[in-house]
Amino acid sequence: MTIQLSFDSLADPKNNRPLNLLDWLSLSLMKGAGPTRLDRLWQYLTLLEMEGDHEATFCSELDTHLFIKLKWPKDAAHQAGLYCQQRVLSAETESKLQHTLEWLKDESHHLIIKGDMDYPIKLSEIPVPPILLYVKGNLECLSRVCLGMVGARRCSHYGRQLGFQFSKQLSEEGITVVSGGATGIDSAAHEGANAVNRPNIAVMGTGFEKLYPKANVRLFENILKAGGAWVSEYPLMTSARPNLFPPRNRIISGLSEGVLVVEATEKSGSLISASYALQHNREVFAIPGRIDQNNAQGCHRLIQQGATLVMDVDDVLNELVPVMVSSQSPITQSKGSHEGRARSILMQPVEVPISSLSSVARSVLVCFNKVDKESILEFSDFMDVIGCSISDLMQALVELEMLACIEPYTTGYRRCYCYP
């Protein structure tokens, strides 16, 4: 469902979950809460419901001690426990909450929660999907057939033309283009769809009241005029920070049937979207370029690794059909397969299967193991030791952050206090 306008309507008495939409919104606005921690709480409560342990799911049972066991930072755990037991919010969180409720009075402003009818089914399939999703504009376009389109910020004129034309033609064929609103190829993708007045989606790495980059504000407004939407998992007041942009790429992939990389260097951050697409079992498309062109090297590498080589729009459309058909078979698990898992979330530390991590992620953990647990490592510290590409390192950091092994702190990263 879409969030309604009043405080009372958010605290829906018909909701049989231990936390209603207002509760999740309040928790998400607390300093120290983030996508990973909200997801961990969601998993715990969901598994308890599957196990039929309803007594433990009342909100009053969610105290500070429980949040600490769920690997929330101590300050955030205290705030969350105090709220769940006594409905007490700090002045800062209360101010954010009231501001958000005021924002939601506009009929084009939405807040949807995982599991609701309006929540995109494909997005719910990915690891660590957003628990809450802010949407401004046309909510319906999130559930249409979507294709992510990404590429270099510092693209060539040729690459920008390709992005514009492919987006325009795909939009005319009824495909909803999804991109990240950045300069370069992202902008070209949105402009192509806007040119034919077709819905397209901008997934933001900030809150809606801190749009980035500012040079694209008019472009963002045109997306809404074309019947499209803005999407973000971050609260309205969230400003741009480098660590917020890589995670939003999983949403671009999650909403889409596939991801088309138009132009990218081997170190391009846009390759993170392609990596997520592979993890999410989405199709990856890449447009080739000149072999001596640096901006084509990332696409060439993807093609070598099995991405679909794209020369025209039909190459994309022909591949989307079987992908769309195969996606109609949901994987279900029996209740028995969940037995005991909720308690294991509480009683065990974060368990990371090292074998499942990328080689770069394992190297990052080695870097942390060589320093004091409270040490903060910056981007350059990893680059000096590991010597990998920027895109591989960014992907590894996001991978470890999503697994709650590390967390962004000031200008770098540190190990989560709960991680051994």
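This is a short tour of one predicted model, stop by stop.

Local features here need pLDDT of at least 70, side-chain atom pairs count only at pLDDT 80 or more, and totals for chains, interfaces and linings use all residues. Residues are numbered from 1 along each chain as its sequence is written, and side-chain values use heavy atoms, leaving out hydrogens and water.

**Stop 1: the sheet**

Helices (H or I, at least four residues) and strands (E, at least two) are DSSP runs, numbered from the N terminus. Nine strands make an open sheet with mixed pairing, in the order E1-E2-E6-E5-E4-E3-E7-E8-E9. Two strands pair if DSSP finds at least two bridges between them. Strands of a sheet pair through backbone hydrogen bonds, either parallel or antiparallel.

Which strands stand at the edges? Select 109–113 and 308–309: these are E1 and E9. Each has a single partner strand, so one side of each is left without a neighbour in the sheet.

Now select E3 (residues 146–150) and E7 (residues 258–261). They run parallel, joined by three bridges. Met 149 has Leu 260 in E7 as its bridge partner.

Next, select helix H8, residues 157–172. H8 packs on the sheet and touches E3, E4 (176–179) and E7; contact means heavy atoms within 4.5 Å. The direction of H8 makes about 175 degrees with that of E3. Axes are lines fitted to C-alpha atoms, for helices over the stretch in contact, and angles run from 0 to 180 degrees between N-to-C directions.

**Stop 2: helix H2**

Select residues 21–28. How many residues of H2 are buried? Eight of its eight are, including Trp 24. Buried means under 20% relative accessible area, exposed over 50%, and partly exposed in between (1.4 Å probe, protein chains only).

**Stop 3: Leu 97**

Find Leu 97 in helix H6 (residues 91–103). Leu 97 is buried, at 1% relative accessible area.

**Stop 4: aromatic rings**

The structure holds eight aromatic pairs. Rings of Phe, Tyr and Trp (its six-membered ring) pair if their centres lie within 6.5 Å; planes under 30 degrees apart count as stacked, over 60 as edge-to-face and the rest as tilted. Show Tyr 212 and Phe 245, a tilted pair at 5.6 Å centre to centre, with 55 degrees between the planes. Tyr 212 is partly exposed at 44%, whereas Phe 245 is buried at 14%.

Finish with the cluster linked by ring pairs: Trp 103, Tyr 134, Phe 208, Phe 220 and Trp 230.
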